[in-house]
Amino acid sequence: VRDVGKNIRHAPGLEVTDDDLKIWLSDLKALFSDPTFKNDNPLAKDALDQLQQLENDELIIERSEVVVAIKDSVDYLRTLPVHSNRETLELQSRIDDLEVKYHRDNTCTYMIGPFVESGVFGLEDFYVPPNISRVILQSRQKYVTSEEPLTSLEQMLSSNRIIILSADAGVGKTTFCKSLVTLWCAVQEGKTNPLAKFSHSQNVFSDIAYLAEFTYLFCIQLRGNKCVKLEDIFFSHTELVDTELTRDNKAFCDLLSNETGLVILDGLDECDIPSISPLATNRKYTVLITSRPWKLANIDMPSTGIYTHAQINVISR
């Protein structure tokens, strides 16, 4: 059983064969069913129940458990002896695979609804990129606005460090965020097939390669958020993802200050943030915030030169 644990935790890839899995499950269940072992281990019955659920594909695995498993694998890979530049590159490739896999497993799928069997699909299978426009305030007194179509991600994400993306409920704010994560993962992995499905010159995804500018990406749901400041929200999330990603971690703070990143905050209207303040000057990440339009009228916003207001255009019939 110790060998089973080592084989699973330190597997060189992200998958195991069905035959190996059957043997490992059998060995584990045999140990946990042994009367002597069960008498000394009150959690043996719970372990057996979980193994049975896992074998029947009924076990619900929490996101936090996925994070712990990925971190454990990454930490182990970093302890392996490295003897050549080639091995160094292979090791880094494995680590990158594990880190991108977290997004692909947790952010790159969408539930279409109960009317579709299984219900959950990869976004690249059905997603239609929306038309997005920048909202320009023409008169502060009369709140007269005009719209400028956005034709590239660079145009959208490089104009300011804070981008507010607004749309009414059900128009596609969350799905757009997930699509950004999906494409960022594809760019990081060097994949082109998913990209081709999104690459159309008439929408904002015309320059997907621009996402390579972002070394790291965090996608955060704001529902239930208790923090007020944007960076407090960011650190509250990262500490849930990895207990080492804190304000006291110098290496992590150096990353935020020296490497370009993208932080997606989805659902401003689902939390009680009273205002949006400019980002610290020593940070290099860009923040994309989604919201329903009414929320923007009920909170204190920075001056118009500090952020970009964009909106998803409703598909016309």
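This is a predicted model: local features need pLDDT of at least 70, side-chain atom pairs count only at pLDDT 80 or more; totals for chains, interfaces and linings use all residues.

Colleague: What is a disulfide, in general terms?
Modeller: It is a covalent bond that joins the sulfur atoms of two cysteines.

Colleague: How many disulfides does the structure hold?
Modeller: The number of disulfides in the structure is zero.

Colleague: Is Cys271 buried or exposed?
Modeller: Cys271 counts as buried, because its relative accessibility is 5% and the limit for buried is under 20%. Cys185 is buried too, with a relative accessible area of 0%.

Colleague: What about Asp272, buried or exposed?
Modeller: Asp272 is exposed, with a relative accessible area of 70%. Its place is in the loop that runs between β7 (261-266) and β8 (285-291).

Colleague: How far apart in space are Asp272 and Val228?
Modeller: Their C-alpha atoms are 7.5 Å apart, although 44 residues separate Asp272 and Val228 in sequence.

Colleague: Let us change topic to the aromatic rings. How many aromatic pairs are there?
Modeller: The count comes to 10 aromatic pairs. One of them is formed by Tyr210 and Phe214, whose ring centres are 5.8 Å apart.

Colleague: Why is the pair of Tyr210 and Phe214 edge-to-face?
Modeller: The planes of the two rings stand at 85 degrees, so the pair of Tyr210 and Phe214 is edge-to-face; the cut-off for that class is over 60 degrees. Both partners count as buried, Tyr210 at 15% relative accessibility and Phe214 at 1%.

Colleague: And what sort of pair do Phe218 and Phe234 form?
Modeller: Phe218 and Phe234 are also edge-to-face, with 5.0 Å from centre to centre and 75 degrees between the planes.

Colleague: Which residues do ring pairs link into a cluster?
Modeller: The cluster is made up of Tyr216, Phe218, Phe234, Phe235, Phe252 and Tyr285.

Colleague: Since α10 has come up, which of its residues are buried?
Modeller: The buried residues of α10 are Leu230, Glu231, Ile233, Phe234, Phe235, His237, Thr238 and Val241.

Colleague: What span should α10 have?
Modeller: At 1.5 Å a residue, its 12 residues should span 16 Å; the end C-alpha atoms are 17 Å apart, which agrees.

Colleague: On to cavities. How many of 30 Å³ or more are there?
Modeller: There is one cavity of 30 Å³ or more. The largest cavity holds about 40 Å³ of space.

Colleague: Which residues line the largest cavity?
Modeller: Its lining consists of Leu230, Glu231, Phe234, Val263, Leu265, Leu279, Tyr285 and Val287. In that lining, seven residues are nonpolar, none is polar and one is charged.

Colleague: Which elements supply the lining of the largest cavity?
Modeller: At least two residues of the lining come from each of α10, β7 and β8. The largest share, three residues, is supplied by α10.

Colleague: Where does Thr174 lie?
Modeller: Thr174 lies in helix α8 and counts as partly exposed, at 28% relative accessibility. Thr174 and Leu265 are 91 residues apart in sequence, while their C-alpha atoms are 9.7 Å apart in space.

Colleague: And where is Gln188 found?
Modeller: Gln188 is found in helix α8 (residues 173-189). Gln188 is partly exposed, with a relative accessible area of 34%, and its C-alpha is 6.8 Å from that of Ala212, 24 residues apart in sequence.

Colleague: One last topic: what is the phi of Asp57?
Modeller: Asp57 has a positive phi of about 60 degrees, although it is not a glycine. In general, most residues other than glycine have a negative phi. Asp57 lies in the loop between α4 (44-55) and α5 (63-79) and is exposed, with a relative accessible area of 72%.

Conventions. Residues are numbered from 1 along each chain as its sequence is written. Side-chain values use heavy atoms; hydrogens and water are left out. Helices (H or I, at least four residues) and strands (E, at least two) are DSSP runs, numbered from the N terminus. Buried means under 20% relative accessible area, exposed over 50%, partly exposed in between (1.4 Å probe, protein chains only). Rings of Phe, Tyr and Trp (its six-membered ring) pair if their centres lie within 6.5 Å; planes under 30 degrees apart count as stacked, over 60 as edge-to-face and the rest as tilted. On a 1 Å grid over the protein atoms alone, a cavity is a set of points where a 1.4 Å probe fits but cannot get out, and a pocket is an open set with protein on both sides within 12 Å along at least five of seven lines; lining residues have an atom within 4 Å of a point. Grid points are joined across faces, edges and corners, and a volume is the space filled by probe spheres set on the points. Ala, Val, Leu, Ile, Met, Phe, Trp, Tyr, Cys and Pro count as nonpolar, Asp, Glu, Lys and Arg as charged, and the others, Gly among them, as polar. A disulfide is a pair of cysteine sulfur atoms within 2.5 Å. The expected span of a helix is 1.5 Å times one less than its number of residues.
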